[in-house]
Amino acid sequence: MAEAKKVRYNRVVAYLALVMILIAAFFSLTTETFATWNNFFNMVESYSVTGIFAMGLLVVLVTGGIDISFLATASVVQYVTVKICLALGASDYAIVGILIAMVIGVAIGMLNGMGCSFST
């Protein structure tokens, strides 16, 4: 039974990889700007935050847990950090915003972790 699921999973992954390759080939052949270094770096820059979140989720999933609350935590941290930086007039100093975001993120993460550990 487990072997059948593994074969089915591998087949799905292979189909998804094939579809991605076909889409990339299609856009590379039909446009002049898709397969360029400029477009590659634009995509890397645009999706860097999503990639960082995905790596964090990968660690959680590999260790056997499933916790997707980091998206809500990140949203709250971004909002509160911007509000605090604007209220303090520190919007020109990136280090202040980074430190504020780290403190708020750690605090919310600790509260979330304590809530999860005490609830089980």
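Modeller: A crossing of two helices is called right-handed if the near helix is turned clockwise from the far one by less than a right angle, and left-handed if the near helix is turned anticlockwise. In this predicted model, helix 4 passes helix 5 in a right-handed crossing. The contact draws on Thr-73, Val-76, Val-77, Val-80, Thr-81, Ile-84, Cys-85 and Leu-88 from helix 4, and these meet Gly-97, Ile-100, Ala-101, Ile-104, Gly-105 and Ile-108 from helix 5.

Helix 4 covers residues 70-88 and helix 5 covers residues 94-119; their axes lie 9 Å apart and form an angle of about 140°. Angles over 145 degrees would count as roughly antiparallel, so helix 4 is classed as oblique to helix 5.

As to the setting, the protein has five helices and zero strands, and its elements, read from the N terminus, follow the order α-α-α-α-α. The radius of gyration is 21 Å, well over the 14 Å that the globule rule gives for 120 residues, and the protein is therefore more spread out than a compact globule. The C-alpha trace spans about 50 × 45 × 15 Å along its principal axes.

One further detail concerns helix 2, which comprises residues 37-46 and includes Asn-39. The side chain of Asn-39 reaches the backbone oxygen of Phe-34 at 2.8 Å. Leaving aside residues up to four places away in sequence, Asn-39 touches Thr-33 and Phe-34.

Key:
Residues numbered from 1 in each chain as written. Predicted model: local features only at pLDDT ≥ 70, side-chain atom pairs only at ≥ 80, totals over all residues. Heavy atoms only, no water. Helix = DSSP H or I, 4+ residues; strand = E, 2+ residues; numbered from the N terminus. Polar contact = N/O pair within 3.5 Å; in protein donor to acceptor, adjacent residues only side chain to side chain. Contact = heavy atoms within 4.5 Å. Axes fitted to C-alpha atoms, helices over the stretch in contact; angles between N-to-C directions. Parallel < 35°, antiparallel > 145°, perpendicular 65-115°, else oblique. Rg over C-alpha atoms; globule rule 2.2 N^0.38 Å.
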